[in-house]
Amino acid sequence: MREIDNIVILTGAGISAESGLATFRGPAGLWEGYRLEDVCTPEALATDPELVHRFYDDRRAALATAEPNAAHTALVRLDRAWRGGLLVVTQNVDDLHERAGAIRLIHMHGELLSALCATCGGRRSCQGHLSPGAACALCSAPSLRPDIVFFGEMPYQMDTIDAAIRDCDLFVSVGTSGAVYPAAGFVQTARYVDAATLELNLEPSLGSVYFDETRTGSAGRLVPEWVEELLAAKVR
């Protein structure tokens, strides 16, 4: 561990589940009772914008009742203490990392509390209701939509993420299913550059075979334990 300088941490729905937020893929492939195809694709937005907007309005309301948990705060402790390179890449669209105090962070799948203009690409804060056809303040087009990366769309900042993984000495995955690409392939990139790889998850993910080590249990227990272990080893 004393030779580790650059770290990339991928977080998924499992880290926010302990704060009361539903995981992305629930029973029968549903998200809060909805088929993903009905609320998280460009086709769904075009076909039934009222349903899609209402779904994300409800997610924002649920987020307002959630608080960061011990896993979020442990990663912030690491963010503040680690003098080397560190990047948290989250697949989550909630703001729990930020509310815990995270700085070195990328939301690769967008942000629930942001609205995106489909015409000019401009963004604005979105804390509550977002109506279909809401006007963009920058270009006036009636085309604001949830700032969420739908299936079939390119995740954000992929070049930055890829460069960070290719330069890392340690890649850690927290609370991910290993089922959604391109994030599921990050561990293979890390292995290609001979980085150490660690998985922290309730159970082994679909990609566990690619990790040097998998630790199972709740993120609220595993992440603080790992951060303490890492920081203690670094100062020895």
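How many aromatic pairs does the structure hold? The structure holds 4 aromatic pairs (ring centres of Phe, Tyr or the six-membered ring of Trp within 6.5 Å; planes under 30 degrees apart are stacked, over 60 edge-to-face, the rest tilted). This is a predicted model, in which local features need pLDDT of at least 70 and side-chain atom pairs count only at pLDDT 80 or more, while totals for chains, interfaces and linings use all residues. Residues are numbered from 1 along each chain as its sequence is written, and side-chain values use heavy atoms, with hydrogens and water left out.

**View A. Ring pairs link Tyr 34, Phe 55, Tyr 56 and Phe 150 into a cluster.** Tyr 34 and Phe 55 pair edge-to-face, with centres 5.0 Å apart and planes at 75 degrees. Phe 55 and Tyr 56 are also edge-to-face, at 5.0 Å and 90 degrees. Phe 55 is buried, at 0% relative accessible area, whereas Tyr 34 is partly exposed at 24% (buried is under 20%, exposed over 50%, partly exposed in between; 1.4 Å probe, protein chains only).

**View B. Arg 59 lies over the face of Phe 55.** Its distance from the ring centre is 4.5 Å (criterion: NZ of Lys or CZ of Arg within 6 Å of the centre and within 35 degrees of the ring normal). The charged end of Arg 123 sits over the ring of Tyr 156, 4.9 Å from the centre.

**View C. Thr 189 is buried, with a relative accessible area of 17%.** Leaving aside residues up to four places away in sequence, Thr 189 touches Asp 162, Ile 165 and Arg 166 (contact: heavy atoms within 4.5 Å).
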